[in-house]
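Biologist: Could you walk me through how the labels on this model follow from their cut-offs? I would like to see each value set against its rule.

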Amino acid sequence: MKIFYVKLLQQEVEAINVSADKAVEDSEKIFTEMICLLQKRSSEVKQQIRSQQETEVSRVKDVQEKLEQEITELKRKDAELEQLSHTEDHNQFLLNYPSLPALSESTHSSSINIRPLRHFEDVTAAVSELRDIMQDILRETWTNIELKVTNVDVLLAEPKTRDGLLHHSKEITLDPNTANWNLFLSEGNQKVIRVMQQQSYPDHPDRFTDYKQVLSRESLTGRCYWEVEWTGRGVGVAVSYKSIRRSEGFGFNDKSWSLYCTKDGNTFFLDDIETPVPGPVSSRIGVYLDHRAGILSFYSVSETMTLLHRVQTTFTQPLYVGICLYNGSSAELIKPEQPLVA
């Protein structure tokens, strides 16, 4: 039987390699096509600018040339008038004056529009707007691409030891833009403390308003493991979709899953349904996520690993680490290599 599984896994490895090679080849082709399209559009814009530049410069020079001709003619007339003004014989002056050509209003100066000059600045603004739109599209679609990539996975068994779990460890930081005003972040945004004095965070649509909680900056896909060390009255260790309402608490909706830990015990919440969790009370909680398999496991981490609660579901969006703090409590995302506290 083991030989059968070895051969099966070898076939899986070969299939993964073939599929990955094709995905790389296809992706490079698609990105090359996108780059060529952008280069083509860039060339077209450049050509249009140069063509319009030539037209406008030619038009301006034509008006300039005609105005210079008019100036030359005016100077000639001015010289004749100057000469005529020195004629002492009044009869001779009256005879010569009607022969001078009449001054005519310039027909070209009226075509000059005196206004603030912008030239091609509007083109630059339009191209900049296109860049910003493309950046927004790439930012929005990249998460989906990343999710598809990380979901390419072999469904192997969940690790049973801490060493096995640490193989999937992920360093996580907290996002200040989501932190409630009564949360203070430190240690490179890996530690959070609940405080009485409100922090001077700027207004942000991602900030939690009612519950004293915060989300991670990094999204979670594929297999991930992390540990949270907490002190004080209690903590909520959660995972959540980014689309959670900012007035809701972790576990009180269908967009987040949370284990609440106090000195008296542990409780799991999902969709506002409370599930008592038997097992040891620990100051360190380990969380294992297999996004594709829909597995979420909470562990008590001390000298031994104890599985506290396990969820089997289907995750439809990338997840984020969530931490909710009781009064007088703190929590820290522990780096994988840090030893257990004795």
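Modeller: Gladly; we will take ring pairs, charges, cysteines, a surface patch and some backbone angles in turn. This is a predicted model, so local features need pLDDT of at least 70 and side-chain atom pairs count only at pLDDT 80 or more, while totals for chains, interfaces and linings use all residues. Residues are numbered from 1 along each chain as its sequence is written, and side-chain values use heavy atoms, with hydrogens and water left out.

Biologist: Why is the pair of Y211 and F252 called tilted?

Modeller: Rings of Phe, Tyr and Trp (its six-membered ring) pair if their centres lie within 6.5 Å; planes under 30 degrees apart are stacked, over 60 edge-to-face, and the rest tilted. Y211 and F252 are 5.8 Å apart centre to centre with 45° between the planes, so the pair falls into the tilted class. The structure holds 9 aromatic pairs.

Biologist: Where in the chain do Y211 and F252 lie?

Modeller: Y211 is in the loop between β2 (191–194) and β3 (213–220), and F252 is in the loop between β5 (234–241) and β6 (256–262), 41 residues apart. Strands here are DSSP runs (E, at least two residues), as helices are (H or I, at least four), numbered from the N terminus.

Biologist: What makes the pair of F252 and F269 edge-to-face?

Modeller: The angle between their planes is 80°, with 5.2 Å centre to centre, so the pair passes the edge-to-face limit. F269 sits in strand β7 (residues 265–270) and F252 in the loop between β5 and β6, so the contact ties together parts 17 residues apart in sequence. F252 also belongs to one aromatic cluster with Y211, Y260, F269 and Y326.

Biologist: What makes R223 and D290 a salt bridge?

Modeller: A side-chain nitrogen of Lys or Arg must be within 4 Å of a carboxyl oxygen of Asp or Glu. For R223 and D290 the N to O distance is 3.3 Å, so they qualify. R223 is in strand β4 (residues 223–231) and D290 in strand β9 (residues 284–290), 67 residues apart, and both are buried.

Biologist: How does R284 relate to E227?

Modeller: Their closest N and O atoms are 3.2 Å apart, which makes a salt bridge. R284 lies in strand β9 and E227 in strand β4, so this pair ties together parts 57 residues apart in sequence. The whole structure has 10 salt bridges.

Biologist: How many disulfides are there?

Modeller: The rule needs a pair of cysteine sulfur atoms within 2.5 Å, and the count comes to 0. As for cysteine burial, C224 has a relative accessible area of 3% and is buried, and C324, at 6%, is buried as well.

Biologist: What makes the nonpolar surface patch?

Modeller: I30, F31, M34 and L138 make a patch of about 380 Å². Patch residues have over 30% relative accessible area and no salt bridge; nonpolar side chains (Val, Leu, Ile, Met, Phe, Trp, Tyr) are joined within 5 Å, and like charges within 9 Å. Areas come from the Shrake-Rupley method with a 1.4 Å probe, and for residues only the protein chains shown count as cover. F31, at 44%, is partly exposed. Helix α1 (residues 2–85) gives the most to the patch, with 3 residues.

Biologist: Which phi values are listed for E187 and N189?

Modeller: Phi of E187 is near 55° and phi of N189 near 60°, each a positive value in a residue other than glycine. E187 is in the loop between β1 (183–186) and β2, and N189 is in the loop between β1 and β2. E187, at 53%, counts as exposed, whereas N189, at 22%, is partly exposed.

Definitions and conventions:
Buried means under 20% relative accessible area, exposed over 50%, partly exposed in between (1.4 Å probe, protein chains only).
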